Amino acid sequence: LITLPKHQDFVKQFCQANPPVDSARAHSTPAASPTSTPSHVPHASFLNPNPAVQTFPLANGQHVYVIDDFVQDPDALVRLAQSVSPQFQTLQGHPYPGPQLSLPKEMSAQIDAYFQQHVRPLLQAGTFLGSYGRFSRVTQDSSTLDPRQRICHRDDSNIAPGQMMSALVHYLFHEPQLGGTVFFKSLMSEADTQAFLLDATTLDGPAFTAKYAITPAYMTQSNPYFEVIGRMAPKWNRAVFYDGSIFHSGDIQNNNHQAYLTGIGRLTLNAFFKSSKIK
């Protein structure tokens, strides 16, 4: 079982704030970190209360939505992830190329509410049906990637007809060379796309390479099967929200493996929001 600190430990480590000088300032400026634990639990969200949501068009006519300065204290969020880094696990059989750790319930609840207030209408998502959040790191060497990991993917698996999945990636690293996110569209028919994805889950590496000429590497460019329709640059404390049915991949540099293993590396916060589709 993967766990994070209990609520009181999370609050003590992540949600500390000095008492505001006045209420107007308290709502406009994040408070400085105190030198001692406050006597009460602050009720303010750890997220930016006044986000400026930017719209980025993709070449196929779809859009992704970006919020810079997503959390009020991103360094505290990184410290939280570092403090529990031994609990990160690479899940056997899971295609994500590195260790993950589920978010505390308190954080997930705030992110859910934030998504519903600021982003859900933009993605034309309907009734909120649930979510999942995690910290993630990319650590796997590109030469070891299986067929599922060599291609772009969608985040809309395990949903019923009439449902949709929205997604969030929040960059928690300063080094732009660790890469942002690349978005793709399939150049195949839907039937051929489904057959391609099935082969990626059932064929072994050599057989997949023989059939599609896709060798082990992180996918960052167009190929005969998918075309790049947008590339989001990473930025410290930038959050990107998108429709999970859009094909995408981390913009991972195959020739720079050691950079992903240095310190906390390419740390992101990821969340997935299941909703009904608006008819």
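Which residues does F241 touch, not counting residues up to four places away in sequence?

**View 1. The surroundings of F241.** In this predicted model, F241 touches V64, Y65, I67, F70, F115, V119, A167, L168 and F273, where contact means heavy atoms within 4.5 Å. Residues are numbered from 1 along each chain as its sequence is written, and side-chain values use heavy atoms, without hydrogens and water. Because the model is predicted, local features need pLDDT of at least 70 and side-chain atom pairs count only at pLDDT 80 or more, while totals for chains, interfaces and linings use all residues.

**View 2. The largest nonpolar core.** This core has 30 residues, and F70, I111, F135, L168, F241 and L269 have the most contacts inside it. A nonpolar core is a set of buried (under 20% relative accessible area, 1.4 Å probe, protein chains only) Ala, Val, Leu, Ile, Met, Phe, Trp, Tyr and Cys residues joined through side-chain atoms within 4.5 Å. Apart from it lies another core, of 22 residues, including F173 and Y260.

View 3. Strand 1 pairs with strand 2 over five bridges, and V53 has I67 as its bridge partner in strand 2.

View 4. The protein averages a pLDDT (the predictor's confidence in each residue, from 0 to 100) of 86, but over residues 1-44 the pLDDT is below 50.

Notes: Buried means under 20% relative accessible area, exposed over 50%, partly exposed in between (1.4 Å probe, protein chains only). Two strands pair if DSSP finds at least two bridges between them. Helices (H or I, at least four residues) and strands (E, at least two) are DSSP runs, numbered from the N terminus.
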